[in-house]
Amino acid sequence: MKFIYTRWCFFLFIFLNHPTPVLPSSSNDSYFPGLEAEPFLYIIGRRKMADAQHKCYSRMQRLPPYQGEGLYCNRTWDGWLCWDDTPAGVVTQQHCPDYFPDFDPTEKVTKYCDENGFWYKHPESNKTGSNYSMCNAFTPEKLKNAYVLYYLAIVGHSVSLFTLSVSLGIFTFYRNLGCQRVTLHKHMFLTYILNSIIIIIHLVEVVPNGDLVRRDPVSCKILHFFHQYMMACNYFWMLCEGIYLHTIIVVAVFHKEQHLRWYYLLGWGFPLVPTIIHAVSRVLYFNDNCWLSVETYLLYIIHGPVMAALVVNFFFLLNIVRVLVKKMRQTQEADSHTYLKAVRATLILVPLLGIQFVVFPWRPANKLLGKIYDYLMHSLIHFQGFFVAVIYCFYNNEVQTTVKRHWAQLKIQWGQRWGGRRNTRRPNFRAAAAAAAAAEAEAGDIPIYICHPEPRNNEAAINLGEEGAEAIPMEIIEQESCA
C-alpha cells in the first residue's frame, strides 16, 4: 500500500518529461527510453527483472509436464515475463511488468501460440516475441489525464491556501474568538498553509523540470522532507483536536492541567521523528532522484504513524459522542449541545481527510471507474485545506456572529461618517453599533458562547494559560464595544 499523492507526483513527472516514448513490440528488441535520467530506478528495475527471471526458471522446474492433449507451446521466459505451457491456437495474456517508469502495470501483455505449437515470431525479424505495445504509459489519453490531474492539484492547493489564509486571519484579527480550541485551529491551519505552499512549489518547480531531477540537488530532497513533515503535522494536529475535546468532555477531572505546550510537542515535535528516520533511510537504502519514487516500503515510516493517529482520533471522537449523548439524555443541558457541535465538525473531518489512507488500495480495475476514482481521490486530497477552513471557520456559528457584528459596526460607522455632516446632533456610534449587533444576534439565533463554556461543576474559573478562559458571555463583548 503506497501513498497516493506521492505515487501520482512520480508518474506525473514521468508524463511531463517523457511525452513521446515508444515501447518495443517484442522483448527481444528492448529499448528503455528515459532511463538515463533515472539511473537509480534503472538499477532497481534491472534487479526486479533478474529476480523475476530467477523465480521463473525455478517455477518451470517445479511444475509438472504439460497434462493437456494435442499440440502446445513450451513454457518460457521471454526476457521480461514468464509464460506457462499454452495449448496451440490460444492467445494468453498477463499484466504488464512494473520494472520501469514507462510501463503501465494496469495494461495487458499478450503472447500467441500458433496452431503448430510454436510461439508467434515477428515476420520481419523472425524472432519469438510477445506483444508489449499496450504497456506504453504515455498514450495521448493518459497524457491528457495527467495534465488534468496536474492542474487540479494546483487549483486545489491554491484555493485551500486562500481560504485557510482568510480563516487564519479571522481567528487572529478577532480577539474575542481567542480560546484554547481556536489556538489549536490556528496551528492546524498553519500546517495546511505551509503544506500547500510546499506542494505548489514542488508541482511548479520540480515536477515539470526534468533537468533539475536529473541533477538531483540536495534542495530537491529538502523540499520533499518538509512536504512529508508538514503532511504528518496536519494529521497530528487533527489528533490534538480530538485529544483536547476528549480531555475536557470525557476526562473532565484533568481539565485543570490542560497545557498547550504538550499539544505543541505532539503537533510540531513528534512528526519530526518519523520524518528524520525516513530521510536517513532513503539516503541509505533508496536514494532515488529527488525521492520521487514510491517503489519502497520506507514510506510506511511516515504513513504508519499518520494512520495510527487517524485510528486513535476516530475512537476518541466516538467515545466523546457516546458521553455527550448520555449527558443530554440525563440532564438536557445546553452545554452538551455546544460541545456536540464542535465534535461534529471534527468527526466529519477525520474520515474525510483520512479517506485516502483507507480506500486507495482498492482502485477499481475498470478504466472508467478507475478514472472516476482518480478524480474523486485527488479532489479530496488537494482540497483538504478548503474543507478544513469551511467546516472549522466559515460554517462556525461563533465566527459568523462575530463577522456579522463587525460588518454591522462598519456599516453604521460608514453611515455616521457620511451622514453626520447633515445632522446637527451626532449619535453615539459605539452604543448604536452595540445595539445593532445585539438585535442581529437575537434575530439570527446566535449561540451565547463564542468558545466552549467552562464545566458547571467547577467552583471557580480555571486559568488556562496564555489564551485565557474560554467562556466569553455575549453581554461582556457588547459592553466592551460600548466602553
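Which cysteine does a disulfide join to Cys-96?

## The Cys-96 link

In this predicted model, the partner of Cys-96 is Cys-135, with an S to S distance of 1.9 Å. The torsion about their S-S bond is about -85°, so the disulfide is left-handed. The pair links distant parts of the chain, 39 residues apart, with Cys-96 in the loop between strand 5 (90-95) and strand 6 (108-113) and Cys-135 in the loop between strand 6 and helix 3. Cys-96 is buried at a relative accessible area of 5%, and Cys-135 is buried at 0%.

## Other cysteines

The count comes to 4 disulfides, among them the bond of Cys-56 and Cys-82, whose sulfur atoms are 2.1 Å apart. Because the torsion about that S-S bond is about 70°, this disulfide is right-handed. Cys-56 lies in helix 2 (residues 39-62) and Cys-82 in strand 3 (residues 82-83), so the pair ties together parts that are 26 residues apart in sequence.

A disulfide also joins Cys-220 to Cys-290, S to S 2.0 Å, and with 130° about the S-S bond this link is right-handed. Cys-220 and Cys-290 are both buried. The sulfur of Cys-240, by contrast, is 9.6 Å from the closest cysteine sulfur, in Cys-233, which is too far for a bond.

Asn-145 is found in helix 3 (residues 140-173) and counts as buried because its relative accessibility is 18%, under the 20% cut-off. A polar contact of 2.7 Å joins its side chain to that of Tyr-375.

Helix 4 (residues 180-206) reaches 38 Å from its first C-alpha to its last, close to the 39 Å expected, and 20 of its 27 residues are buried.

How values were computed. Residues numbered from 1 in each chain as written. Predicted model: local features only at pLDDT ≥ 70, side-chain atom pairs only at ≥ 80, totals over all residues. Heavy atoms only, no water. Helix = DSSP H or I, 4+ residues; strand = E, 2+ residues; numbered from the N terminus. Buried < 20%, exposed > 50% of the residue type's maximum accessible area, 1.4 Å probe, protein only. Polar contact = N/O pair within 3.5 Å; in protein donor to acceptor, adjacent residues only side chain to side chain. Expected span 1.5 Å × (residues − 1). Disulfide = S-S within 2.5 Å.
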